[in-house]
Amino acid sequence: MAQDFDLIVIGSGPGGYVAAIRASQLGLKTAIVERENLGGICLNWGCIPTKALLKSGEVFEKLSHLGDYGVSAEKPSFDFKAIVERSRKVAKQLNSGVGFLMKKHKIEVIEGTAKLEKGAPAPKVVVDLKAGGSRTVQAKSVILAVGARARHIPAIGLEGDGERVWTYRDAMNAPFFPKSLVVIGSGAIGIEFASFYRALGAEVTVVEALDRILPVEDAEVSAAAQKAFEKRGLKFRVAAKVTKLDKSKSGVTLSLEAGGKAEQLQAEAAIVAVGITANLENIGVEALGLDLDRGHVKTGKHGETNVPGLYAIGDCAGPPWLAHKASHEGVHVVEHIAGQKDAGINAPIPGCTYSQPQVASVGLTEAAAKAEGREVKVGRFPFRVNGKAIASGETEGFVKTVFDARTGALIGAHMIGAEVTEMIQGFAVAMTLETTEEDLMNTVFPHPTMSEAMHEAVLDAYGRVLHI
């Protein structure tokens with residue numbers, strides 16, 4: 001069969017559409033297959049619309065503290081329907097933007113559901129077209145960028161129904177505003193929704209099976225985050241296993257087991273945020289003999305699979321399940337396919353939680369570094385003594401740095417506080433460029449900025465902190 005394209009990308013999320021754009025830039029004739037919305041979950045039902053919701057919650061919550069800034073406003077209120085509609089408009093705008101980018105780069109968009117069949121030099125792609133009928137296309141290379149969806153555990157009732165039990169998708173387009181809410185899972189998704197609904201006044205309880213919230217973060221950040229969230233009125237049940245979720249017309253009842261004792265929680269609604277599942281059903285992976293690892297596609301250092309000509313990127317290829325990781329992998333894989341010098345697929349990947357306060361990190365936690373047998377130097381600096389933070393009324397949180405004591409390499413950075421998601425890239429750049437503590441200490445940070453706390457945390461690791 002003749003080659004229709006140089007590259008076919010299946011899935012148009014932040015991994016897929018970025019890969020397609022880079023392929024076009026490199027002169028590859030490219031097609032992208034999408035079964036639902038250009039931009040994937042991230043632009044339509046994930047990263048972007050949730051940030052729109054969180055911004056509305058943040059603005060409303062700040063109104064109750066205007067007196068701290070010498071400002072007053074009478075009886076602020078919110079329109080939940082309008083908040084949701086704003087988030088949907090933001091998603092629609094970006095969805096249209098991806099469509100424009102596909103046209104600009106002459107990438108053919110094939111609307112439909114793809115299935116892989118054996119072929120050479122890469123699997124054939126059979127598309128069940130949205131408009132009806134089917135189309136079979138062949139390329140030299142195929143990239144799987146099919147993403148993932150919310151994990152369900154129907155045996156104990158942890159399954160979204162869009163009415164009283166919500167997945168992340170339901171929660172951002174909720175049928176009503178709940179006066180009380182239970183969030184099951186305290187990863188980034190669970191904490192962000194808990195933060196949003198609490199900002200608007202809901203009574204929110206977060207249930208976590210492990211012994212601390214945000215379990216992938218540094219332990220000090222997790223502890224500080226829980227304390228900060230509790231000050232805002234959030235409640236937590238950690239080390240609590242959900243044994244059953246029952247729903248009725250008026251709400252949900254959650255049965256828990258904690259410390260050997262059974263207990264129950266009741267609320268008007270529940271959000272299930274207990275992980276994700278790769279979208280690999282009915283795509284032909286079994287017939288191809290594609291190697292999987294715990295439900296995700298197993299890949300090599302260039303995103304290659306065990307099937308010739310087939311690559312996988314993003315959420316379907318395993319953790320960390322982050323949009324920017326998918327985009328980075330997409331660019332790397334395409335450049336590898338095009339025969340360019342490898343830029344390195346293993347660059348440090350920062351993680352962000354857009355709650356109030358925000359949480360951001362990159363690299364190893366202190367515990368993980370020590371578990372690797374490294375001797376470390378650790379620095380900390382609180383925002384409560386940072387001039388810009390004090391002037392802004394944003395003194396909650398701190399910056400923590402982790403250095404390899406032998407080499408001086410920055411191997412981890414962990415932050416909690418206002419706008420830290422905008423600052424973590426500084427440490428990501430430093431790690432990517434393999435800077436040492438000396439380089440960072442000699443860098444001039446502007447004053448007054450909250451980013452000065454980053455510099456001070458570096459200085460603190462080496463006994464040179466200035467403002468404590």
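This is a predicted model: local features need pLDDT of at least 70, side-chain atom pairs count only at pLDDT 80 or more; totals for chains, interfaces and linings use all residues.
Let me begin with helix α3, which has 17 residues and reaches 25 Å from its first C-alpha to its last, close to the 24 Å expected at 1.5 Å a residue, where the expected span is 1.5 Å times one less than the number of residues in the helix. Helices here are DSSP runs of H or I with at least four residues, strands are runs of E with at least two, and both are numbered from the N terminus.

Residues are numbered from 1 along each chain as its sequence is written, and side-chain values use heavy atoms, with hydrogens and water left out.

Staying with α3, its buried residues include Leu 53, Leu 54, Gly 57 and Phe 60; buried means under 20% relative accessible area, exposed means over 50%, and partly exposed is in between, with a 1.4 Å probe and protein chains only. The buried residues of α3 pack against α2 (40-45), α4 and α6, and contact in this sense means heavy atoms within 4.5 Å.

Helix α1, at residues 16-25, is mostly covered, since 9 of its 10 residues are buried, among them Tyr 17, Val 18, Ile 21 and Arg 22. What do the buried residues of α1 pack against? Their partners are the strands β1 (5-10), β2 (30-34) and β6 (139-144), together with the helices α2, α4 and α9 (323-337). After α1 comes Gly 27, with a positive phi near 85°.

Let me turn to the nonpolar core, by which I mean a set of buried Ala, Val, Leu, Ile, Met, Phe, Trp, Tyr and Cys residues joined through side-chain atoms within 4.5 Å. The largest such core has 36 residues, and those touching the most other members are Trp 166, Leu 181, Phe 193, Phe 196, Tyr 197, Val 204 and Ile 271. Among the elements that each supply at least two residues of this core are α3 (47-63), α4 (80-104), β9 (180-184), α6 (188-199) and β10 (203-207). Which helix gives the most to this core? That is α6, with 5 residues. As for Phe 196, if we leave out residues up to four places away in sequence, this side of the picture shows contacts with Leu 53, Leu 54, Gly 57, Phe 80 and Ile 83.

The aromatic rings come next, and a pair of them is described by the distance of the centres and the angle of the planes. Rings of Phe, Tyr and Trp (its six-membered ring) pair if their centres lie within 6.5 Å, and planes under 30 degrees apart count as stacked, over 60 as edge-to-face and the rest as tilted. The structure holds 10 aromatic pairs. In one of them, Phe 60 and Phe 78 are edge-to-face, at 5.2 Å centre to centre and 75° between the planes, and this pair links distant parts of the chain, with Phe 60 in helix α3 and Phe 78 in the loop between α3 and α4, 18 residues apart. Phe 60 is buried at 19% relative accessible area, whereas Phe 78 is partly exposed at 30%.

The rings of Trp 166 and Phe 176 have centres 5.5 Å apart and planes at 65°, so this pair is edge-to-face; Trp 166 lies in strand β8 (residues 165-166) and Phe 176 in the loop between α5 and β9, 10 residues apart. Trp 166 counts as buried because its relative accessibility is 0%, while Phe 176, at 22%, counts as partly exposed. One aromatic cluster includes Phe 60, Phe 78, Trp 166, Phe 176 and Phe 196.

Rings also meet charges: the charged end of Arg 88 sits over the ring of Trp 45, 3.8 Å from its centre, and that of Lys 29 sits over the ring of Phe 5, 5.4 Å from its centre. The criterion is that NZ of Lys or CZ of Arg is within 6 Å of the ring centre and within 35 degrees of the ring normal.

Finally, the backbone. Most residues other than glycine have a negative phi, and most peptide bonds are trans. Lys 75, in the loop between α3 and α4, has a positive phi of about 40° although it is not a glycine, and Lys 75 counts as exposed at 80% relative accessibility. The peptide bond from Ala 120 to Pro 121 is cis, with omega near 5°, and Pro 121 lies in the loop between β3 (108-117) and β4 (124-129). Another cis peptide bond joins His 447 and Pro 448, with omega about 0°.
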